Amino acid sequence: GVSLPSLKKEEISLVDKIILEMESEVLNEKNVPTNPSLWSKMKSRAKAKFDVYPCVPLDSQAITKDGLKTYDELKIGENILTYNINKDILEWKPILHLHFYEQAPLKRIYKKTGFSLRATENHKWVVRSGNEYQNISLVETKDIHKRMRVVTCASLEENKSFNLFEEKWSKKDNWVEKVLSWNKEQREVYLASSIVYDGYDKGGSTKIRDRHTFGFTQKNDDHFWATLLSAYLNGYYVSFYEKTDCITGATIIRNKKYHSTQNLIIEDDGVEDVWCPTTENNTWVMVQNGLVTITGNSAYANGWAAKEYKKAGGKWKSVDE
């Protein structure tokens, strides 16, 4: 199993307790319940008890050390990119649990300038609030107000030796995997090279260190994501779009870490199946609708259902069985 930091009794919140309980049960929701009707009954009770679906649509992706993955590709224990609120850095953390809900009501959270995300009203976001935006916390979609800043990016800080030299490399290499394994300096050099030689700005940005906003386009999907992730992991704000059927474009902004909620619009946006992971940091980095952003994770409803299912005599068998 995955071990969590030891906590004093009085410091453990309800969410932390349930996460610890789920971990001790080593429950993988992708396993098959031996009593499907009982499991369905307990999940229905959990939904009625908590009335929450703290999740996002199934097309939302997490970032793993192997690249981007959707819900059906992820596994319990797999490391995904998360955000440490106290340290203001990105960290690799294992998935403690994977949640899935059928047909949950969604909200669209957007600005007319282009920023747009979809989530349930109970899904959480990392926000800064207060007179000087000094307070940082996880806030549910329904509780976002006009004087907040949604934290979208941070830097991945890892103590790795700096070595630019690659003994063997090829255009056909998996560059996303390379970028995800490199340190900050290697990613910065790769990013600078990609921007300069992309040619998107017609050679207008010779002073790349002084620029704050960059654009690039790419036909090769692997090269596109390697460039985009090299920027995001170094703390840049990134967004992307489909320029043509075979070309993807992106915008990278060096000094933008937040999205103001000043002109944010939140409205109902249909009903869909949703999912969310649980991590030790209570956060994860999500790729959705042309944006890479930090978001909160799911917690208690499914944990409660699993506990009640087990208490009622329910058991699990692996998919292989």
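## A tyrosine in a loop

Let's start in the loop between strand 8 and strand 9, which is where Y133 is found. This is a predicted model, and in it Y133 has a positive phi of about 55° although it is not a glycine. Is Y133 buried or exposed? With a relative accessibility of 17%, Y133 counts as buried, because the cut-off for that class is under 20%.

The loop belongs to a hairpin: strand 8 and strand 9 form it with five residues between them. The turn also holds G130, whose phi is positive too, at about 100°.

## Strand 8 and its partners

Which strands pair with strand 8, and over how many bridges? On one hand there is strand 9, paired with strand 8 (residues 124-129) in the antiparallel sense over six bridges. Here K124 has E140 in strand 9 as its bridge partner. On the other hand there is strand 10 (residues 149-151), again antiparallel to strand 8, with two bridges. In that pairing, V127 stands opposite V150 of strand 10.

Strand 8 is largely enclosed by the rest of the structure, because five of its six residues are buried.

## Another positive phi

If you are checking backbone torsions, N282 deserves a look as well: its phi is near 60°, a positive value in a residue other than glycine. You will find N282 in the loop between strand 16 (265-279) and strand 17 (283-288). N282 has a relative accessible area of 22%, so it is partly exposed.

The chain averages a pLDDT of 82, and 80% of the residues score at least 70. Where is confidence lowest, and where is it highest? The lowest mean, 49, belongs to helix 1 (residues 14-25), while strand 3 (residues 61-64) has the highest, at 98.

Over residues 1-12 the pLDDT is below 50, and this stretch has 18 contacts in the model beyond near neighbours in sequence. Residues 20-29 also stay under 50, and for them the model has 27 contacts beyond four places in sequence. Where pLDDT is low, the predicted coordinates should not be read in detail.

Conventions
Residues numbered from 1 in each chain as written. Predicted model: local features only at pLDDT ≥ 70, side-chain atom pairs only at ≥ 80, totals over all residues. Heavy atoms only, no water. pLDDT = per-residue confidence, 0-100. Helix = DSSP H or I, 4+ residues; strand = E, 2+ residues; numbered from the N terminus. Contact = heavy atoms within 4.5 Å. Pairing = 2+ DSSP bridges. Buried < 20%, exposed > 50% of the residue type's maximum accessible area, 1.4 Å probe, protein only.
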